[in-house]
Amino acid sequence: MVRTARVQPLFDDQLEPGAAGAVLTIDLAALVANYRFLRNRLVGVECAAVVKADAYGLGAARVAAALFRDGCRQFFVAHLNEGIDLRAALPDEAEIFVLNGLMPGAEALCLEARLTPVLNSLAQIDGWTGLSRRVGRALPAILQVDSGMARLGLSPAEVDRLVQDPARLGGIGLRAVMSHLACADEPDHPANQAQLAQFEAQRRRLPPAPASFANSSGIFLGADYHFDLARPGAALYGVAPVPGAPNPMRAVVRLDARVIQTREIAAGDAVGYGYAFTASAPTRIATLSVGYADGWLRSVGRAGIAYVGDRALPIAGRVSMDSLTLDISTLPADMLKPGDFVELLGPHQRVDDVAAAAGTIGYEILTSLGGRYQRRYLD
């Protein structure tokens, strides 16, 4: 029989023979296209890139280098150690900002690594200005204010204290004042306008500096939210910036899982932990070498599917740590064999589709993808 529906990952000729249970393909050209699309929506505004959590699980060094080649010069990470790792992968011209700021005592390490902290509290401000006095020069920083998310940033009361004691910012070269939107993915949510008004009010009380407010979804709220520097993250990696609307971003990731084995079971036979699936008729099952240890969330099993060619195949039973099972009864009997590939992410379902099946968001799917895959980067 001619196999017309076999799915092979890109660069199949370079695959390791079964060393990994699946192949994760990261399309850097699509990533750069997404960056350009977002940058082109910003008129007279710098476009940074958020590459925290190892670029949402896709490899910060490779991702940031591709974006730098396309003109991106500002990069945001969450933690100091992420910034230290990224600094080794980028030219000195790149600015790397640490969103979570600095733990007490980490100021000198941040300076040595040529990173710029986002200062979120008076204590972080005092630590950074203290280092500035010791080294005898102004040190760059971004100042974050809380505009209503109550997560990070200076509260209105702390801004009051800064206004009353402006010398407290002495020694800081203020690169920007920023805040973060809580509900930007809901364009009609009243919190967006409320946060915008609060951000405007707070930053007017601080020394003049560029402003940064828009995340991925915030870019789509319009020019009032763009200010001087936008900070897209998830949209760069193909996640829909406005849930429920057509996704203008290109898909960046593809995941093809290997078949470990296939079997036939009788009516009444159960599959997997907890016997969550019981066959109502003779059924053929394929076991794939991907599980929740690889970031294929256990909750996907409730409604998850995979693809062979254009054929959707339902997950049968629960996702295990290292494997999952599919009902392949609709396929020709000889279509799949051990070592063949099945599409988990790709042209037939994107990250947001899998997230919907798992009852979560695309961010969690991306950042959960584990380290056991064979990774292939397409330039």
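Predicted model: local features only at pLDDT ≥ 70, side-chain atom pairs only at ≥ 80, totals over all residues.

Student: Which residue in strand 18 is the bridge partner of Ala-257?

Tutor: Val-342 is the partner of Ala-257. Further along the pair, Leu-255 stands opposite Leu-345 of strand 18.

Student: Is strand 18 mostly covered or mostly open?

Tutor: Check burial residue by residue. Strand 18 spans residues 341-345, and five of its five residues are buried.

Student: Which other strands pair with strand 11?

Tutor: Take each partner in turn. Strand 1 (residues 22-27) runs antiparallel to strand 11, joined by five bridges. There, Thr-25 stands opposite Arg-254. Strand 14 (residues 283-288) also pairs with strand 11 in the antiparallel sense, over six bridges. In that pairing, Thr-262 stands opposite Ala-286.

Student: Now a helix. How do I read its buried side?

Tutor: An α-helix has 3.6 residues a turn, so residues three or four places apart point the same way. Now list the buried residues of helix 7 (residues 156-164): Glu-158, Val-159 and Leu-162. Seen down the axis of helix 7, these buried residues fall within an arc of 100°, so they line one face of the helix.

Student: Last, a single residue. Where is Ser-212 found, and is Ser-212 buried or exposed?

Tutor: Look up the element, then the accessible area. Ser-212 is found in strand 9 (residues 211-212). The cut-off for buried is under 20% relative accessible area. Ser-212 has a relative accessible area of 0%, so Ser-212 is buried.

Student: With which side chain does the side chain of Ser-212 make a polar contact?

Tutor: With that of Arg-231, at 2.9 Å.

Student: Which residues does Ser-212 touch, not counting those up to four places away in sequence?

Tutor: Read this as a neighbour list. With that exclusion, Ser-212 touches Val-177, Met-178, Ser-179, Phe-199, Phe-227, Leu-229 and Arg-231.

Methods
Residues numbered from 1 in each chain as written. Heavy atoms only, no water. Buried < 20%, exposed > 50% of the residue type's maximum accessible area, 1.4 Å probe, protein only. Helix = DSSP H or I, 4+ residues; strand = E, 2+ residues; numbered from the N terminus. Pairing = 2+ DSSP bridges. Polar contact = N/O pair within 3.5 Å; in protein donor to acceptor, adjacent residues only side chain to side chain. Contact = heavy atoms within 4.5 Å. Arc of directions from axis to C-beta.
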